[in-house]
Amino acid sequence: MVSEVREPTYLVLTALAAGPLHGYGIIKEVSSITQGKVTIRTGSLYGTIDRLVQEGLVQADSEEVVEGRLRRYYSLTVEGTALLTSHATQMASVSKEALRRLRVSPGMA
Amino acid sequence: MTPLERRYGRLLSLYPKDYRAERGAEIMSTVLGTSQPEQLWPHPKEAVPLVGHALRMRFGLAESQPIGRLLVAIGPAQLILASLISVMSFLGAEWNPWWGRHVLPGGQVGPFQTTGFIAYVSWTAAGLALLFKNPKVTRRLVVLSMSITAVLVPFSRALSLDRPIPSLLAFLFVLGLPILVSSPQSLKGSVSDRLQKVLIAMSLLVAIAIALALLPVWNGSTVHQFSRGSYGLSPSILFYRTDLVFVATWLLWIDAAAIAVSAMLFFIGRRLLAGSVALSGLPLLVLWFGFRYLWFGFGYNDSTAHLLVGVVLVASSVALVCLSMLFPKEQAMERAR
């Protein structure tokens, strides 16, 4: 059975999989991952980040000031990486099976 | 400071002071990153979620806060309960062709007994949207249903039409509150969550229990003398006459059972689930007290024992919710991700 991870959680964890990102970086990355279909708004993003930090899936990594603006970077924790790996593997397995069945079903050739 | 920055700054001032001190500069940086170079005013698509998050943080309703987690956990279950009650009310009390010979005198609305059908249809649609996993539509329909429910009494009065009993409307309104105040994000994928499946199952059981409790009234076998006479015996007495207040004592026992389950869950360490179950039961008590007081007035005192039980149950529910917030540590990360 596929583990239960809500869509905003999955997208933010996926965005952070390649390395630490700041808030706006996560927003851009999520938009890029979903080919522009999903845009996370700032208020929603910080609601999700607060929750993920509290659950121990994401952590504040570092800070920098660029053009007078504070950027705080976030990264996956060990638990966050494990959850994302497990969920992504299960999703890939189900998707592969769905495609296999579609190819062999009658009338689809 | 640019005009846009100043305007976003005003919105950020809605956050609680501590949170703003810790995260304000970072959030400002992010929200300015999403804006266009010549932009002067916050875009509504950014401003609305920002204000929503700020207010949820201020009132302790964000998902990172204990009460917010409880609301997210019980929201879908309570919406399902509201939908089931709406379907029951629509079929049992509103649809005249079904119960035609018992039509009440007064201002009916087409084939319906009261204006209540408008709210019932809307709540049912919201429940269906949730089951079909459409979070955006679900939330919009909940807002619509709550708005209709809130204005139904004055609307009916203005047009001289019959209305359903206000305590039922108040109950439906309360059931919608958790989804209204929770983050829109929280509904995404929430139906598949294990905890919520448990709560939805509980709501179904409660709805079935209420239906069973009402069966004697539907059959007309335990109708109180107050409702005999010109109105006759019909399902419509459910929402007009006094009988429900007597059978509604069932609600107390159902809630007592929920609190017993909640207490057990608390002591075995499933604290968030315990708090959610206790909080889920509170609307039942609202309904019970609503039937008592909105119908009879505060001077009504037919059964001190029941009143005492009701007060004890409210106190127990609140205590369990508070305990689960004060001691939120759980054995497993049970809650929705």
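Me: How many bridges join strand β2 of chain A to β3(A)?
Reply: Eight, and the two strands run antiparallel. Strand β2(A) covers residues 58–66. (Strands are DSSP E runs of at least two residues, helices H or I runs of at least four, numbered from the N terminus; strands pair at two bridges or more.) This is a predicted model, where local features need pLDDT of at least 70, side-chain atom pairs need 80 or more, and totals for chains, interfaces and linings use all residues. Residues count from 1 along each chain as written, chains are lettered from A and ligands numbered from 1 in written order, and side-chain values use heavy atoms, without hydrogens or water.

Me: Which residue in β3(A) is the bridge partner of Gln59(A)?
Reply: Ser75(A).

Me: And what's in the turn of that hairpin?
Reply: Two residues lie between β2(A) and β3(A). Glu67(A) is in the turn, with a positive phi of about 50 degrees.

Me: New topic. How many residues has the largest nonpolar core?
Reply: It has 37. Those with the most contacts inside it include Leu13(A), Leu45(A), Tyr8(B) and Leu50(B). (A core joins buried Ala, Val, Leu, Ile, Met, Phe, Trp, Tyr and Cys through side-chain atoms within 4.5 Å; buried is under 20% relative accessible area, exposed over 50%, partly exposed in between, with a 1.4 Å probe and protein chains only.)

Me: Which elements give two or more residues to this core?
Reply: Among them are α1 (7–16), α3 (42–54) and β3 (69–76) of chain A. Chain B gives α1 (3–12), α2 (17–33) and α3 (44–58).

Me: What does Leu45(A) touch?
Reply: Leaving out residues up to four places away in sequence, Val12(A), Gly23(A), Ile26(A), Ile27(A), Ile40(A) and Thr30(B). Contact means heavy atoms within 4.5 Å.
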